[in-house]
Amino acid sequence: SSSNSWLWPFRFDLTPCSAMGCHCGKASGAVDPVSPGGDTNDSNTVLDPVEPPKPESDHGDEEPPQPEIVPALKVAVLSVEGLRSSGGIFVEAEVEGLSDSKLKTPTVSGRVTTHGIGEKAKETVEADLKCELGFLEYTEGAAVTFTVRDSDPTKAAEILGRVTLPASMVMAQYWGKLPLKDAGEGFEASLEVRVGERHILVQTAQEITNAISDAVGDIRETYHEAKDAEGEVYHETTQEVNKGMSDLSATEINEAVKKGVADASEIAVEAAVEVKKTVKDNAVEIYHDVDDAWVEVKETRGTVCFACWC
């Protein structure tokens, strides 16, 4: 690696020698050299090397534990949404400038969801990947690229979107959603990633904050969509009523008003359902985030609460 590269850090288990089966004392008796013919008195005979006694191992025939290799950079690929395809989904990640650094997540199934109200409603695909990738080498100042692909055994993996995380955001240990390019016309897809590790309590708090932020954003979007749809209904109803007045037709006016009220009511119901679904989905996500954190705290008997997360 270059001087400006992060070295591959290793963590060693500094176990005392005696615990590892190492015997530092000398043997109690000396080993006499023996000639190939077995004559110990022939000083001109080339001697066979004598192997020293092998130390006893507390691990039996098992290999001694190897030092743990710690990645130079950890990136978690959490979720993706707004995609145009519902097939199997996976994500590739690569450190720019390191051609052999490409890693990919396992393939997961996407789920179809509907966003929008009325005529603007659109079906998109989202998926939870929740996969942590570890780069064994990372050059300081390098960006990380992500490519979302559709895994279809009948054809080449189609690109569903791509994005580059700048080096400054890598160094800042970014956590959030990144808008995807090449997602397809009319699709606003995004990929959620997390750089580095967090303390379990900090991570849970951030996940709750993200869920609340997503809920507020979705509700605000639903409100604006409903408002725009109601405005279109009002405009159309006004035109129909004016036409009925020009024709002096009470029937046309009555029908226009009835249709306008029905359309407006339908939009209000759709908006209410969308808001309810948003609140429910994010409440479930918050519940699982808290539950996962609590399970980890219990399994480690609180040790995780004092873990170093720097």
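Lys-243 is partly exposed, at 44% relative accessible area (partly exposed lies between buried, under 20%, and exposed, over 50%, with a 1.4 Å probe and protein chains only). Its salt-bridge partner is Glu-252, with the closest N and O atoms 3.7 Å apart; a salt bridge here puts a side-chain nitrogen of Lys or Arg within 4 Å of a carboxyl oxygen of Asp or Glu. Glu-252 is partly exposed too, at 30%. Salt bridges with shared partners also tie Arg-111, Glu-126 and Asp-128 into one network.

A word on the model: it is predicted, with pLDDT of at least 70 needed for local features and 80 or more for side-chain atom pairs, while totals for chains, interfaces and linings use all residues. Residues are numbered from 1 along each chain as its sequence is written, and side-chain values use heavy atoms, leaving out hydrogens and water.

There are 11 salt bridges in the structure. Take Lys-177 and Glu-81, whose closest N and O atoms are 3.1 Å apart. That pair links strand 13 (residues 175-179) to strand 4, across 96 residues of chain (strands are DSSP E runs of at least two residues, helices H or I runs of at least four, numbered from the N terminus). Arg-149 pairs with Glu-92 at 3.0 Å, and both are buried.

Now the inside. The largest nonpolar core has 35 residues, and Val-80, Leu-83, Phe-146, Val-148 and Leu-191 touch the most other members. Such a core is a set of buried Ala, Val, Leu, Ile, Met, Phe, Trp, Tyr and Cys residues joined through side-chain atoms within 4.5 Å. Strand 9 gives the largest share, six residues.
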